[in-house]
Amino acid sequence: MQQLSRRKFIRNVGGTGIALWMGISVRGNVIISSSVAASGNFTPFILVESDGAITIFNTKPEMGQGTFQSIPAIIAEEFEVSLDQVTIKNTNGEKPFGNRQRAGGSSSIRTNYTDLRKVGASAKEVFIQSAAAKWQVDISSCYAENGKVIHRPTNRTYGYGDLVADASRLELPKEPKLKDPKDFKIIGKMARRPDVPLKTNGSAQFGIDVQVPGMLYATVARSPVIGGTLKSFDAAEAMKIPGVVKVVEVERIMGRYHSVGVAVIANSYWTAMKARKALKIEWDNKGYGDFNTVAYEKHLHELAQEEGLIDKNIGSVDSLKLPPENIVEAFYETPMVAHHTLEPMNCVAQVRGDQVEIWTSTQVPSTITGNGDNDVHKYIGFQPDNIKLHSTFIGGGLGRRLNVDYVIEAVGIAKQVSQPVKVLWSREDTTELGPYRPMTFSKLQGGFSAAGELVSFQHKVISPSFQEAMNPAFDINKVDGTMVEGIGEQAYEIPNLKTSYVRAEFHVPVAAWRSVTSSTLAFCHEGFMDELAYKAKKDPMDFRLGLLSRPSDLKRVLLKMKEFSKWDEPLPKNRGRGVAQWEFFAGLCVHVVEITVRPDHSIKVDKVFAVIDLGEVVNPDNVKNQVEGAIVMALGAAVKPGITLKDGKCMQHNFYDNPLIRIQEVPEIEVLILAEGGKVKGVGEPGLPAFAPALANAIFAATGTRIRKMPFDLKQV
Amino acid sequence: MISLIVNQKTYSVDADPNMPLLWVIRDIIGLTGTKYGCGVAQCGACVVHMNGDAVRSCVTKVSRAEGKEIVTIEGLSANNDHPAQLAWQEIDVPQCGYCHSGQLMSAAVLLRDNPNPTDEDIDIAMSGNICRCGTYLRIRKAIHLAAEIQKKKTPANS
């Protein structure tokens with residue numbers, strides 16, 4: 001993330017920004033900004049109005065991960081207001097709120113925890129100072145509680161609203177005193193999320209729910225062969241359908257992926273869909289009409305023979321002379337998968353001259369408004385100052401809504417009519433057109449010394465490249481770090497370690513999917529660790545702990561899991577348990593899975609234990625909800641069919657042939673949260689990667705069958 | 001013109017009789033609590049009540065709904081206080097929340113027909129509703145809690 005110095009920030013944002021940053025009163029209000037927060041992170045704000053109304057702005061879009069509560073909660077804790085007292089508003093990519101109005105990478109809390117506390121604490125201090133000055137008493141005799149400053153000896157009070165004018169003239173302290181965590185009233189406590197009641201009566205507004213007066217509806221026919229584009233079209237029949245307004249060309253742009261489609265604009269979505277079927281279109285397949293994933297995966301196998309680009313090379317893996325019987329090798333495979341956010345892609349856009357107004361569900365508001373280190377606004381075709389965004393609740397992000405292809409496309413359509421247009425992707429569109437999480441293949445090798453110690457570990461990843469797909473300027477002669485995520489950074493103490501990457505050319509749009517490449521690499525890495533434990537004739541838990549002589553987060557968490565899951569208690573003959581861990585940019589979580597082998601040899605997933613290491617926790621119940629959900633998503637990716645292509649086209653269309661987990665398939669889940677201080681780690685993603693390998697390892701423990709390929713069928717392992 | 005009764009209010013809508021009820025409810029009447037998820041009766045995000053039955057509005061032609069009593073999530077209760085809604089709030093079931101209109105509408109029919117559902121009853125009744133966030137364990141727990149709340153509200157039935 002780009003770090004802006006404060007000076008640069010002032011220059012970038014101009015006059016308004018300075019006013020906000022200085023804490024200058026605007027129309028009788030005081031807006032407290034995070035001038036104390038780290039540079040490049042001028043995001044969270046408090047607005048106090050003279051009537052006492054308090055608004056806390058949440059810069060991290062709510063997609064189910066809980067930021068609508070957790071971000072304001074941290075500020076409110078230090079500002080000494082209860083969440084019931086404040087109005088929470090999501091920001092919309094506006095300039096004063098900075099370039100990090102985005103939610104992804106499980107980063108919202110882990111990268112902002114202390115800064116958010118400082119925002120609340122510094123604001124509290126200027127209100128206390130103001131009250132003390134009014135009373136002409138010593139600051140130390142005053143304290144704040146429930147949005148009021150109280151003079152302890154006399155019990156006199158001022159509401160924050162009474163102090164707005166004075167507080168706004170004070171400079172915010174840069175290093176305010178933070179509360180002792182034992183005095184926390186909000187952080188670390190179970191609290192009901194404020195967005196939940198809106199989600200039980202239909203009043204929460206998602207992008208798809210936006211209605212603008214005079215709005216038209218559009219659907220887009222896009223090349224069914226991925227990589228293809230429009231050659232020509234005939235809209236004569238479509239235009240005959242009553243209600244059809246216009247048929248236009250529109251481009252979808254995602255990183256280096258560009259494709260022109262045909263948009264039908266009509267007075268209802270239903271009419272637009274009917275007319276779309278009446279279009280006569282000729283596509284240019286651009287040579288991708290024969291593409292199929294079976295052949296591509298064969299190609300990936302072949303590429304595994306290549307040396308690849310070295311990611312990490314510690315010790316001397318290549319010059320070790322280990323006898324062949326001390327070497328274990330394995331090859332692992334994972335599939336492409338779709339995100340399947342339940343809210344399909346959609347966007348409302350209205351163009352008026354050189355201005356555009358956008359309503360949508362997005363993980364990246366400040367990217368859309370051009371208020372970040374990106375050039376998305378160029379594709380949207382408007383100056384950042386002329387882009388107005390309305391960011392709604394998100395019906396599932398999962399990484400899909402880090403991409404703005406559907407926004408660029410909607411603006412492209414809106415440019416061609418004078419009315420606002422809602423563009424909606426059907427479930428089939430979202431399934432068939434990507435982006436997908438790419439497949440990764442892994443070639444692994446481990447070597448033991450004569451004394452039986454694991455002395456060598458190699459992990460080579462063969463896959464398409466995210467960064468190449470996203471960024472046309474990416475240098476393919478460099479390792480795409482995203483594709484080897486975490487594999488060179490596990491805490492295991494192995495003296496010789498080599499990780500490498502073989503890039504495979506791929507024309508299909510790919511994108512981050514909850515927990516990014518860890519969602520596949522953990523399966524390979526930790527499945528292979530289990531193979532090594534088996535080779536070493538050691539218990540898989542003890543084998544891992546044996547590689548952790550020094551104190552580490554992983555060692556601490558594994559030991560806790562050993563106890564939490566009652567690892568050492570024997571299971572009956574037809575049952576088995578497996579363990580796996582994963583530590584990566586987003587955080588650390590360990591899973592133990594227990595299974596039963598039924599008489600017909602099918603597998604029942606009985607129970608999952610998860611220990612997530614957080615450092616600090618804001619809402620423990622929400623963390624549990626997140627980990628439970630991550631496990632369900634991981635289970636789906638492990639046992640349900642992935643995405644395949646034949647004749648250039650996606651072979652899956654909707655939930656009937658690309659199924660998701662349903663209620664009857666969910667195992668019992670028990671989550672333990674470790675919040676023992678130290679590095680603050682993420683919540684949304686870490687619960688996912690280690691589940692699949694723990695399940696595969698449990699199946700091995702119970703059946704002796706080693707699973708090296710996802711997806712696998714629990715009915716016939 | 002097609003006459004529809006939605007949440008006890010009568011609407012006269014100008015729509016193609018083949019148009020799915022979902023789009024009439026959302027785009028013409030303007031009640032957006034009912035969601036589009038798949039369009040082919042796979043995910044349950046669009047469940048509404050029609051004469052008391054849980055139906056998938058995405059595959060129900062509007063002509064079939066004419067004259068029938070339609071209830072959407074907005075009409076499930078006056079004050080967001082149907083036992084299932086209260087239980088959902090108590091347990092903080094939703095994450096993104098997109099599927100939960102449909103989940104609640106399916107749960108409400110289950111709770112009416114079966115005041116003491118077992119886990120298995122719940123799984124059968126709710127298996128048509130997908131939650132991508134994976135809140136299923138909480139849905140199950142909330143339906144049990146809703147059954148308890150329902151009993152307290154109507155002691156005569158318990």
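This is a predicted model: local features need pLDDT of at least 70, side-chain atom pairs count only at pLDDT 80 or more; totals for chains, interfaces and linings use all residues.
Among contacts in chain A between residues at least 6 apart in sequence, what share join residues at least 24 apart? The share is 77%.

Chain A contains 17 helices and 27 strands. Its radius of gyration is 27 Å, close to the 27 Å that the globule rule gives for 717 residues, so chain A is as compact as a globular protein of that length. Along the principal axes, the C-alpha trace of chain A spans about 80 × 75 × 50 Å. Of the 717 residues in chain A, 54% are buried.

Next come the domains. The assignment for chain A gives domain 1 as 6-199, domain 2 as 212-287 + 345-424, and domain 3 as 293-336 + 436-703. Domain 1 of chain A puts 17 residues into its contact with domain 2, and domain 2 of chain A puts in 20 residues. Take the domain 1 side of that contact. By class, it has three nonpolar, nine polar and five charged residues.

Now look at a run of strands in chain A. Strand β5(A) covers residues 142-145, and strand β6(A) covers residues 148-151. The two pair in the antiparallel sense over four bridges. Within this pairing, E145(A) has K148(A) of β6(A) as its bridge partner. β5(A) and β6(A) form a hairpin, with two residues between them. In the turn, N146(A) has a positive phi of about 50°.

The chain then turns again. β6(A) runs antiparallel to β7(A), residues 156-159, and four bridges join them. Here I150(A) has T157(A) of β7(A) as its bridge partner. This second hairpin has four residues between the strands. N155(A) takes a positive phi near 60° there. As a reminder, strands of a sheet pair through backbone hydrogen bonds, either parallel or antiparallel.

Further along chain A, find P213(A). It sits in the loop between α4(A), residues 164-167, and β8(A), residues 216-221. Is P213(A) buried or exposed? P213(A) is exposed, because 6 other C-beta atoms lie within 10 Å, and a residue counts as exposed at 12 or fewer. For a sense of scale, compare its position with W582(A). P213(A) and W582(A) are 369 residues apart in sequence. In space they are 49 Å apart, C-alpha to C-alpha.

Move on to chain B and its sheet. Five strands make an open sheet in the order β2-β1-β5-β3-β4 of chain B, with mixed pairing. The edge strands are β2(B), residues 9-13, and β4(B), residues 53-56; each pairs on one side only. Neighbouring strands of this sheet are turned by 40° against each other on average, direction ignored. At one end of the order, β3(B), residues 47-50, pairs with β4(B) in the antiparallel sense over four bridges. In that pair, V48(B) stands opposite V55(B) of β4(B).

Helices lie across these strands. α4(B), residues 100-113, lies across β3 and β4 of chain B, running at about 40° to β3(B). α1(B), residues 21-29, lies across β1 and β2 of chain B, at about 90° to β2(B).

Stay with α1(B). Why is this helix largely enclosed by the rest of the structure? Eight of the nine residues of α1(B) are buried, so the helix is largely enclosed. The buried residues are L21(B), L22(B), W23(B), V24(B), I25(B), R26(B), D27(B) and I29(B). They pack against α6(A), residues 269-277, together with β1, β2 and α2 (62-65) of chain B. Just after α1(B), G30(B) takes a positive phi of about 95°.

That packing leads to the contact between the chains. Chain B gives 46 residues to the contact, and chain A gives 48 residues. On the side of chain B that touches chain A, α1, α3 (83-91), α4, α5 (119-126) and α6 (136-153) of chain B each supply at least two residues. The largest share of that side, five residues, comes from α6(B). By class, the side of chain B that touches chain A divides into 21 nonpolar, 17 polar and eight charged residues.

Note on methods. Residues are numbered from 1 along each chain as its sequence is written. Chains are lettered from A and ligands numbered from 1 in the order in which they are written. Two strands pair if DSSP finds at least two bridges between them. Axes are lines fitted to C-alpha atoms, for helices over the stretch in contact, and angles run from 0 to 180 degrees between N-to-C directions. Two residues are in contact if their C-beta atoms, placed from the backbone, lie within 7 Å. Ala, Val, Leu, Ile, Met, Phe, Trp, Tyr, Cys and Pro count as nonpolar, Asp, Glu, Lys and Arg as charged, and the others, Gly among them, as polar. Domain bounds come from an automatic or database domain assignment. The radius of gyration is taken over C-alpha atoms; the globule rule is 2.2 Å times the number of residues to the power 0.38. A residue is buried if 20 or more other C-beta atoms lie within 10 Å of its own, exposed if 12 or fewer, and partly exposed in between; C-beta atoms are placed from the backbone.
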